[in-house]
Amino acid sequence: MTEIVVLHYAEVAAPNWALLRAAAHRRGVRLTSWAPHRLQVFIDAAGSVPYYDGAPRQPAVILHRTVAPFEGIVAPALDLWAGRGVCVLNEPGAAYRARDKLATTRLLTDAGVPVVPTLGFADPGQARWVDFGDSRIVVKPAHGLQGMGIEAYASRADLLDRWHPADDDRRGHTLREHYLAQPLVGGGGTDLRAFVVGGTCVALIRRSARPGELRANLALGATATPLPPTHPGARVATAATAACGLDYGGVDLIEDADGTLRVLEVDAWAGFAGVTAATGADVAGAILDLALARRRKEPAPT
């Protein structure tokens, strides 16, 4: 029986873990949960070896499903396993690059994928501002999750007057977060979430925020409406994950005034319980099927 290791904290995203377990049971796959903080890398004259719980391990497949605060251990361990023939879905470097919204925006632009005009900065008072017109401005941390840290401002002057980032680090510049400013498209509160696996958009929804809320995150009370796979957002989302070098991931899109779909962000560790509930798509199964196909070095199922 093939063993697939899921590197995550099961209690943090219990609905996703339940879906993966159910999909694994249907496929006769053994699923094992590993906690990221129990990874180690041992290095001596003979080379480098990845460990779990103090011992070398060699699973068939590893799915890393968490933005753990141990990138310096997780990424090299996964790279070492990949070099030893373990199938690692979502190359760690690509996944961590996609976590940075500014780096993602650059990759998408270079690949010709439409994006929202974006200004990256560390301190708005020191930035050379471009003209976003008269629209409101949205500011988000480059590494934010689930809409956390996103703020809207009436204008650039309003931003400069009210700027007090919660995580402003007074200990020095090396640990400070950088931010993105974007014009608020369509008044906010509505976007599209796609989930792409192996170059195919397997689920697509429109999310509508609860009244008075700017962020259309399901975790914040937004509602979801399923969209057909023929919707143009599916094609844009597929191009976005390809541009980021991801095997699978979630893509957030926004529609501007002229109907152009623009990518807001790409997430290698996006949850899929919400899109599964809204669409009925077997997203977890698609991820496992891709992993098994890669393990056999066969084309992914379509």
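Good morning. I begin with C201, which counts as buried because its relative accessibility is 13%; buried here means under 20% relative accessible area, exposed over 50% and partly exposed in between, with a 1.4 Å probe and protein chains only. Please note that this is a predicted model, in which local features need pLDDT of at least 70 and side-chain atom pairs count only at pLDDT 80 or more, while totals for chains, interfaces and linings use all residues. Residues are numbered from 1 along each chain as its sequence is written, and side-chain values use heavy atoms, with hydrogens and water left out.

To stay with the cysteines, the structure holds 0 disulfides, a disulfide being a pair of cysteine sulfur atoms within 2.5 Å. C201 is in no disulfide, and its nearest cysteine sulfur, in C244, is 15 Å away. That separation is too far for a bond. C244 is also buried, at a relative accessible area of 4%.

I turn now to strand 15, residues 248-255. Strands are DSSP runs of E of at least two residues, helices are runs of H or I of at least four, and both are numbered from the N terminus. Because 7 of the 8 residues of strand 15 are buried, the strand is largely enclosed by the rest of the structure.

Which strands pair with it? Two strands pair if DSSP finds at least two bridges between them. Strand 12, residues 190-197, pairs with strand 15 in the antiparallel sense over 6 bridges, and V197 stands opposite Y248. Strand 16, residues 261-267, also runs antiparallel to strand 15, joined by 6 bridges; here G250 stands opposite D267. In the hairpin of strands 15 and 16, 5 residues lie between the strands, and G259 takes a positive phi near 90 degrees.
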